[in-house]
Amino acid sequence: MGLHILVLAGGSGTRLWPLSRRSTPKHLLPLAPGGETLLRSTLERVAGLGESVRVVTAANQAAGCQSALTGLGMTGDAIIEEPVARGTGPALALAVALIEREDPDALIASVHADHRVSDRDAYRAAVVASAGWAAATDGLATVGLVPAAPVTAFGYIEVASPRDLQAWRAPVGSPPSIAAAAAALPAFESAGFKEKPSAEVAQRYVADGRHLWNLGLFSWTARRFRAELTAADPDLVAVIDRVVDARLAGDDQLATRLYATLRLQPVEPLVLERTARLTVVEASFGWSDLGSWLDVGQSRTADGDMDGDGNVIEGDVVTASARGCTVIARSGRVVAVAGVDGLVVIDTPDAVLVVPSDQAQLVKSIVEQLQASERDELL
């Protein structure tokens, strides 16, 4: 059973405003090691793991995603467009249904395009391990990351009884070295998802060794996903089937009208949190979802991409007695930062952001105010 990989490349990454916009979402920004876009880095990381790789994205981002395919042997057919944004639940339902029409027995892994990973092979092994368990158990599987710290902004997965590693089989076509590493990864039955705990609870999760970060990396067979989705929301499945019929008949307008009737739903509460057939693969590798400018600065610092005062600098920037700052100049003018510590300064042609690094999550509030004021030209 060969593996098909879906790369989710939606959303706008509002926490990285003003660089991240609707037209240039987070996954299309050069935030990966070496200055690659996160999407391109993800595509290179999963290349060769299965029969196919497809990018699932919003229709208004398809052109931007297309450029990331260059040189990877992928064509425009590798992009699955979500007609309007309805969240990861309907988006994956559509993508899986399209693959199912080609191969009802398809084995599918879903990964995110906007994550930053520092250990490519460990990541690849975890994805392959997850897919192998989905096939072996006729269920669903996910990757749980050993938490590096008691972070309250992440979701967690609690693990229960260990799986018998002898039952695992590598997906057809998996690179031998990656399959060997995947076979050695611990796997467990799931005891449930735990969303964004308090600081005290997060500390307990890290200490007990039974809770892993939820990265949103999932695997299943097309048949099993359909069965689980039908049990959770049969009306959604019926609409998705009609959307696929319309697309295959060349009626994109009908497909868009039908899809627009769906509710916005993440895939976790829709499917993953309901199922009794979930396996959790325990993995460990350098990872960040780059959920704030603080995360971006920390990731660049970890790469050694900083000056002698610990400042992450990009563009025409001048500093004096500044330490631990992240300063990105994209406006074409000089940005000078003096006498400050731990500041984020992002300068673009039409907007400037200044925020302390430890309050970088406030950027989301700025974007919400702009949305409420209908300042669409800044979004």
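Me: Which loop holds D138?

Reply: D138 lies in the loop between helix 4 and strand 6 (140-145). Bear in mind that this is a predicted model.

Me: What makes the backbone of D138 worth a look?

Reply: D138 has a positive phi, about 50°, although it is not a glycine.

Me: Why is D138 called partly exposed?

Reply: The relative accessibility of D138 is 36%. Partly exposed covers what falls between under 20% (buried) and over 50% (exposed), so D138 counts as partly exposed.

Me: And K196, why does that one count as exposed?

Reply: Exposed means over 50%. K196 has 53% relative accessibility, so it counts as exposed. K196 sits in the loop between strand 8 (187-194) and helix 6 (199-208), and it too is a non-glycine residue with a positive phi, of about 35°.

Me: How do you know that H4 is buried?

Reply: Buried means under 20% relative accessible area. H4 has 7%, and is therefore buried. You will find H4 in strand 1 (residues 3-8).

Me: What is H4 in contact with, leaving aside its neighbours within four places in sequence?

Reply: The list for H4 is E51, S52, R54, I99, D103, A106, L107, I108 and A109. Contact here means heavy atoms within 4.5 Å.

Me: Where is T230, and why is it called partly exposed?

Reply: T230 belongs to helix 7 (residues 222-232). T230 and A113 are 117 residues apart along the chain, and their C-alpha atoms are separated by 27 Å.

Me: What makes a set of residues a nonpolar core?

Reply: The members must be buried, must be of a type such as Ala, Val, Leu, Ile or Phe, and must be joined through side-chain atoms within 4.5 Å. In this chain the largest such core has 51 residues, and I5, V7, L39, L43 and F285 touch the most other members. Helix 4 (residues 120-137) gives the most to this core, with 9 residues. A second, separate core has 44 residues, including W220, V243, L262 and L270.

Me: Which residues does V7 touch, not counting those up to four places away in sequence?

Reply: V7 touches L39, T42, L43, V46, V53, R54, V55, V56, V111 and A113.

Me: How do you know that the radius of gyration agrees with a compact globule?

Reply: With 379 residues, a compact globule would have a radius of gyration near 21 Å. The chain has 21 Å, so the two agree. Along its principal axes, the C-alpha trace spans about 60 × 50 × 40 Å.

Me: What joins W17 and P18?

Reply: A cis peptide bond joins them, with omega about 10°. P18 is in the loop between strand 1 and helix 1 (38-46).

Me: How many positive and negative side chains does the chain have?

Reply: There are 33 positive and 46 negative side chains, and the centres of the two sets lie 3 Å apart.

Definitions and conventions:
Residues numbered from 1 in each chain as written. Predicted model: local features only at pLDDT ≥ 70, side-chain atom pairs only at ≥ 80, totals over all residues. Heavy atoms only, no water. Buried < 20%, exposed > 50% of the residue type's maximum accessible area, 1.4 Å probe, protein only. Helix = DSSP H or I, 4+ residues; strand = E, 2+ residues; numbered from the N terminus. Rg over C-alpha atoms; globule rule 2.2 N^0.38 Å. Lys, Arg positive; Asp, Glu negative; His and termini not counted. Charge placed at Lys NZ, Arg CZ, Asp CG, Glu CD.
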